[in-house]
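Okay, thanks for having me, everyone. Let me put the structure up, and then we'll go through a few of its side chains.

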Amino acid sequence: MAMRMPAHFSACTACSRDEPMPKFSPTSALETVQRYEVTNVPAAPQVFVAWAKVPDLDHQLAGVRTLVSGAAPLAPAVFSTFADIAGQPVWEGYGMTEASPVVSSTMVGRRPKPGCVGAPLPGVEIRFVDESGEESDEDDPGEILVRGANLFSGYWPDGADGPD
């Protein structure tokens, strides 16, 4: 008996195990999702913008369990439009390469919300500080400080300039 494994699709590389996709095409990407029975789709916001214009999107994404937007903010209007058309939410988050790469996600709080990057992942601490290093007010610009085991130790090749 063959074991069916969930597929993982990345619109960033837009390829499958057997079939590279040299250029992103909304319809070709959706065909790949269906052909390989992809269940989890992490993609950049531009993919959701393009897919929102494809007819019968809810049917084409019927086998997908999770849609995640990353790499840039997803406009709230795109979030709402896509959820209406596709029939399921797009989860969002915040990350950076140095954090392997996710820091927070709306999946943590189990509540998708447009324009929100969610709560920190388990084991990750986040602080928002102003120029003097003091806690910043909610609406003030500032710096994000992250602490967790997922942070890298430094840049290759010598491991220098890692988190303090």
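So, is Phe-82 buried or exposed? Phe-82 has 0% relative accessibility, so it counts as buried; that word means under 20% relative accessible area, with exposed being over 50% and partly exposed in between, using a 1.4 Å probe and protein chains only.

Quick housekeeping: this is a predicted model, where local features need pLDDT of at least 70, side-chain atom pairs count only at pLDDT 80 or more, and totals for chains, interfaces and linings use all residues. Residues are numbered from 1 along each chain as its sequence is written, and side-chain values use heavy atoms, with hydrogens and water left out.

Now the rings. There are 2 aromatic pairs in the structure. Phe-48 and Trp-51 make an edge-to-face pair, 6.3 Å centre to centre with 85° between the planes. For pairing, the rings of Phe, Tyr and Trp (its six-membered ring) need centres within 6.5 Å; planes under 30 degrees apart are stacked, over 60 edge-to-face, and the rest tilted. Both residues sit in helix H2, residues 45-51, 3 residues apart or about one turn. Helices here are DSSP runs (H or I, at least four residues), as are strands (E, at least two), numbered from the N terminus.

And Phe-82? Its ring centre is 5.1 Å from that of Phe-48 and the planes are at 80°, so this pair is edge-to-face. Phe-82 lies in helix H4 (residues 76-86) and Phe-48 in helix H2, so the pair ties together parts 34 residues apart in sequence. Put together, Phe-48, Trp-51 and Phe-82 form one aromatic cluster. Both Phe-48 and Trp-51 are buried.
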